[in-house]
Amino acid sequence: MSRRHGYKESVIRMSVTKKEIAEYLGVSRSAVSLVLNNAPGSTISEKTRQRILQAAKELGYNGADVTPKLCFILYGRAPDDPRYMYDLATIEQAASRHHFSLLFMNVQADAEGLEKMRKAVLSKEAEGYFVTGDLDDKAIDLITEAKVPYLFYGGIPREGTNSIVMDHEKGAYEAVKYLLSFGHKRIAFFSGNLNIPIHQKNLNGYYRALEEAGIPVDKSLVQASSGEDGYELCARMNVLDIGYTAVFSVNTVIQFGALQWLKEHGVQVPGEVSLVGYGFSELAKLSKPPLTTFYVAPASRELAVNRMIEMIRRKDLEPQVTYLTEMECFPGETVAANTANTKL
């Protein structure tokens, strides 16, 4: 039996100290302290850092939780909003591969919520913060002034900040092109509030796909609901007698609502009307039939974690906006060939 193995057998019977971890690994006690205390500005190499964390775990170190943490803050949205849960899961999985755990915080867009977020960030319990949701100037200023590693995740580009931005125009463009490939020409555009920059980007992609196909834009097909209610939008189209054979929805919540109205009124999906969405949520899988949607590829989303860890390791990085442009299609079962000139 090696001395190191025998040493491990003896120390795991009691609470191990930082000194014993250092002796076990043959590294300095100061290196162990810097890693286990998450000391800012540490120059310890990533390889040594991981060895120390692994040894602390194996030997039963009973100090504070030695797993470094990242935090995912959802601002101004319900804590179970399905549009963000997929992002949360993707980031958690990527963080775990880098040996970070992920905290989740839901914050409302009010004075109480801002104070909650301020205390959390200043506590520095996490080493970096992903901030997403309906971000406003107050939230953005709070984060940028806290001088902690952060990423504004999703939304629109914010120059001079660390942001990860999906190519919302491309997502809509690819989705509408997909419908066009099935012979659809009367394609409705279902959106939330069109004053929101993301939805304006979606609309630009919708227009571009139609124009490239030589199809004139019919603005009666562009419908918005401040409540992002696809059910309401289908009902409105019916009352106004606006014909269409397909719908592009800016998110799966609107798409799911549209599906429910069509099913309740005996309209076959996709036999009579096709539906395609943008973004991904569990609704796409749980819906009957499953929703067809385009979304940023998971591998691209993991770049957010890579960027965050780079910022944590290097304190001198300039603010950068990173665009995620690689799209994938979740095929679902809500798109089929157009068999009529108009419908509804």
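Which residues in α8 meet which residues in α9? I began my notebook with this question, and I record that the model I consulted is predicted.

**Entry 1: helices α8 and α9**

I looked up the contact and found that His168, Glu169, Ala172, Tyr173, Val176, Lys177 and Leu180 of α8 meet Ile198, Lys201, Asn202, Asn204, Gly205, Tyr206, Arg208, Ala209, Leu210 and Glu212 of α9. Sorted by class, the residues of this contact comprise eight nonpolar, four polar and five charged. I then noted the extent of each helix: α8 covers residues 168-181 and α9 covers residues 197-212. Their axes come within 7 Å and cross at roughly 40°. The crossing of α8 and α9 is right-handed.

**Entry 2: helices α3 and α4**

I turned next to helix α3 (residues 29-36) and helix α4 (residues 46-59). Their axes come within 10 Å, and the crossing angle is roughly 80°. Angles of 65 to 115 degrees count as roughly perpendicular, and α3 and α4 are therefore roughly perpendicular to each other. From α3, the contact takes in Ala31, Val32, Val35 and Leu36, and from α4 it takes in Arg49, Ile52, Leu53 and Ala56. I recorded seven nonpolar residues, no polar residues and one charged residue in the contact of α3 with α4.

**Entry 3: helices α6 and α7**

How far apart are the axes of α6 and α7, and at what angle do these helices pack? For α6 (residues 111-123) and α7 (residues 137-145), I noted axes 10 Å apart and an angle of about 15°. Because angles under 35 degrees count as roughly parallel, α6 is roughly parallel to α7. I also recorded that α6 passes α7 in a right-handed crossing. In α6, the residues that take part are Leu114, Met117, Arg118 and Val121, and they meet Lys138, Ala139, Leu142 and Ile143 in α7. The residues of this contact divide into six nonpolar, no polar and two charged.

**Entry 4: cis peptide bonds**

I looked for cis peptide bonds and wrote down two entries. Val269 and Pro270 are joined by a cis peptide bond with omega of about 10°. Pro270 lies in the loop between α11 (252-264) and β9 (274-278). Lys288 and Pro289 are likewise joined by a cis peptide bond, for which omega is about 0°. I located Pro289 in the loop between α12 (283-286) and β10 (292-296).

**Entry 5: positive phi values**

Where is His99 found? I placed His99 in the loop between α5 (82-97) and β2 (101-107). His99 is not a glycine, yet its phi is positive, at about 65°. With a relative accessible area of 44%, His99 is partly exposed.

Asp241 is also a residue other than glycine with a positive phi, in this case near 55°. I found Asp241 in the loop between α10 (230-239) and β8 (246-249). Residues over 50% relative accessible area count as exposed, so Asp241, at 61%, counts as exposed.

**Entry 6: the whole chain**

Finally, I looked up values for the chain. The chain has 14 helices and 12 strands. Its C-alpha trace spans about 80 × 45 × 35 Å along the principal axes. Of its 344 residues, 49% count as buried. The chain exposes about 16,200 Å², and carbon and sulfur atoms supply 50% of that area. Among contacts between residues at least 6 apart in sequence, I noted that 71% join residues at least 24 apart.

Definitions and conventions
Residues are numbered from 1 along each chain as its sequence is written. This is a predicted model: local features need pLDDT of at least 70, side-chain atom pairs count only at pLDDT 80 or more; totals for chains, interfaces and linings use all residues. Side-chain values use heavy atoms; hydrogens and water are left out. Axes are lines fitted to C-alpha atoms, for helices over the stretch in contact, and angles run from 0 to 180 degrees between N-to-C directions. Helices (H or I, at least four residues) and strands (E, at least two) are DSSP runs, numbered from the N terminus. Angles under 35 degrees count as roughly parallel, over 145 as roughly antiparallel, 65 to 115 as roughly perpendicular and the rest as oblique. A crossing is left-handed if the near helix is turned anticlockwise from the far one by less than a right angle, and right-handed if clockwise. Contact means heavy atoms within 4.5 Å. Ala, Val, Leu, Ile, Met, Phe, Trp, Tyr, Cys and Pro count as nonpolar, Asp, Glu, Lys and Arg as charged, and the others, Gly among them, as polar. Buried means under 20% relative accessible area, exposed over 50%, partly exposed in between (1.4 Å probe, protein chains only). Accessible areas come from the Shrake-Rupley method with a 1.4 Å probe; for residues, only the protein chains shown count as cover.
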